[in-house]
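Thanks, everyone. I'll take a few minutes on one model, starting with its surface and ending with some backbone details.

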Amino acid sequence: MEDWNRKSGNDGRKFGLGVLTGALVTALVICGTAWVWKVFSNIRNGDYTSASTVSETDVNEKLDQINSLIEKYYLYEDDIDEDTLIDGIYSGYAEALGDPYTEYYDEEETEALYESTTGEFSGIGATMSRSLDSGEITVSNVYQDSPADKAGLKQGDVIYEVDGRSASGRDLETVVSWIKGEQGTDVTLCVLRNGEEVELTATRDIIEVQTVSSEMKDGQIGYIAVSEFDSVTYDQFESALDDLESQGMQGLVIDLRGNPGGNLTTVTDMLKLLLPEGTIVSTKDKYGNTEEITCDGKHEFTKPLAVLVNQYSASASEIFSGAIQDYGTGTIVGTTTYGKGVVQQLMDLGDGTCLKVTIAEYYTPSGRSINGAGVTPDVEVEYEYDENNPEADNQLDKALEVVRGELE
């Protein structure tokens, strides 16, 4: 997934209702206004607070007006799916906040969202990220030997259509839910690659998510690549670290390029295997309440270390690289990271759906907020594709050079 989330049940948190915007109203046609306000009353436990310039009567009258116009003039009334319209009430309301990370998930999307954190799902084996500027959904990583790999999907491909449905303007989780599906079924992706349109068909399969890969490089330099921070990632990372140590590792490169983030607990537990005693990350909510997650320093990593990042390294990847940078535990190499420095919480709505809400901003150990700015590398290196040697990786070469330099 593109976010790291703190998961919970319905913890009783409420958010104030303000002016009902057009994004919400467009989803309310066909539904009677009395029913609509009953829904909102249920959401707010009977407490309706109108905005200073819009009354409940105003909204009711406008909904009645829109509803009557739809009934009178709308050409495709027989094709209206009322369940979809009702879900549109909730998704439209969340979307109208203007926060790209606060989203409502219907039952299908909620199932896919929770499934993605278990480490096993039916899909094609690729991770994706969504650009805040353009809204494009880009493939950030393709698992080796996965259905996506076999179909020819490549890192950097921009997904613009899934089974005939346009991905333009859709949130990342929705597009991912379209791509996932029952094992053995096909999904057709239309992507843009270097300005050219490419159509691919992948057959979904059960994906055993291997979020960590490792190997020993020349000069006894360990290499660990982390593709995302899922519930399975900590054990995989700890195992890889122990294995490299048993082989006589003298230095380490941790590769977070293309890592879109994941689970807060996972990334902070991993950092406890590396950092000295102190704060790992802190958060501050709308009320000014702060929370710190700390490290006891018992497993501090003291060998030369470099962390590779790029523009697709987001959220939990930025917590990781920001903490390593602040403590001077390692050198950050690559390009400036994505810049997602806010916390979301998943809230169970009790009917198979959920709401993901931005609840706090996070800060690195030194108190930096990287939201909208990202983590700037200590050693900046743009990736350079080598047509004569596609396997070449100048960013990784630089990270290895940095580690070897510290060993000399």
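Start with helix α5, residues 107-115: with three residues, it is the largest contributor to a negative patch. Please keep in mind that this is a predicted model.

Which residues gather in that patch of negative charge? They are Glu-107, Glu-108, Glu-111, Asp-348 and Asp-351, and the patch sits on the surface. Asp-351 is in a loop, the one between β18 (342-348) and β19 (354-363). Is Asp-351 buried, exposed or partly exposed? Its relative accessible area is 47%, so Asp-351 is classed as partly exposed. The cut-off for exposed is over 50%, and partly exposed runs from there down to the buried limit of 20%.

Leu-75 belongs to the loop that runs between α3 (56-73) and α4 (82-95). Leu-75 counts as exposed because its relative accessibility is 67%.

Now the chain as a whole. It has 11 helices and 20 strands. There are 408 residues, and 48% of them count as buried. The accessible surface of the chain is about 19,500 Å². Carbon and sulfur atoms account for 43% of that surface. As for contacts, take those between residues at least 6 apart in sequence: 68% of them join residues at least 24 apart.

One is Asp-145. Its phi is near 65 degrees, a positive value in a residue other than glycine. Where is Asp-145 found? It is in the loop between β5 (137-142) and α6 (147-151). Asp-145 has 55% relative accessibility, so it counts as exposed.

The other is Ser-315, with a positive phi of about 55 degrees, and Ser-315 is not a glycine either. It lies in the loop between β16 (305-309) and α10 (316-327). Is Ser-315 buried or exposed? Its relative accessible area is 0%, so Ser-315 is buried.

Technical notes:
Residues are numbered from 1 along each chain as its sequence is written. This is a predicted model: local features need pLDDT of at least 70, side-chain atom pairs count only at pLDDT 80 or more; totals for chains, interfaces and linings use all residues. Side-chain values use heavy atoms; hydrogens and water are left out. Helices (H or I, at least four residues) and strands (E, at least two) are DSSP runs, numbered from the N terminus. Buried means under 20% relative accessible area, exposed over 50%, partly exposed in between (1.4 Å probe, protein chains only). Patches are made of residues with over 30% relative accessible area and no salt bridge: like charges are joined within 9 Å, nonpolar side chains (Val, Leu, Ile, Met, Phe, Trp, Tyr) within 5 Å. Accessible areas come from the Shrake-Rupley method with a 1.4 Å probe; for residues, only the protein chains shown count as cover. A salt bridge is a side-chain nitrogen of Lys or Arg within 4 Å of a carboxyl oxygen of Asp or Glu. Lys and Arg count as positive and Asp and Glu as negative; His and the chain ends are not counted. The place of a charge is taken as NZ of Lys, CZ of Arg, CG of Asp or CD of Glu. Contact means heavy atoms within 4.5 Å.
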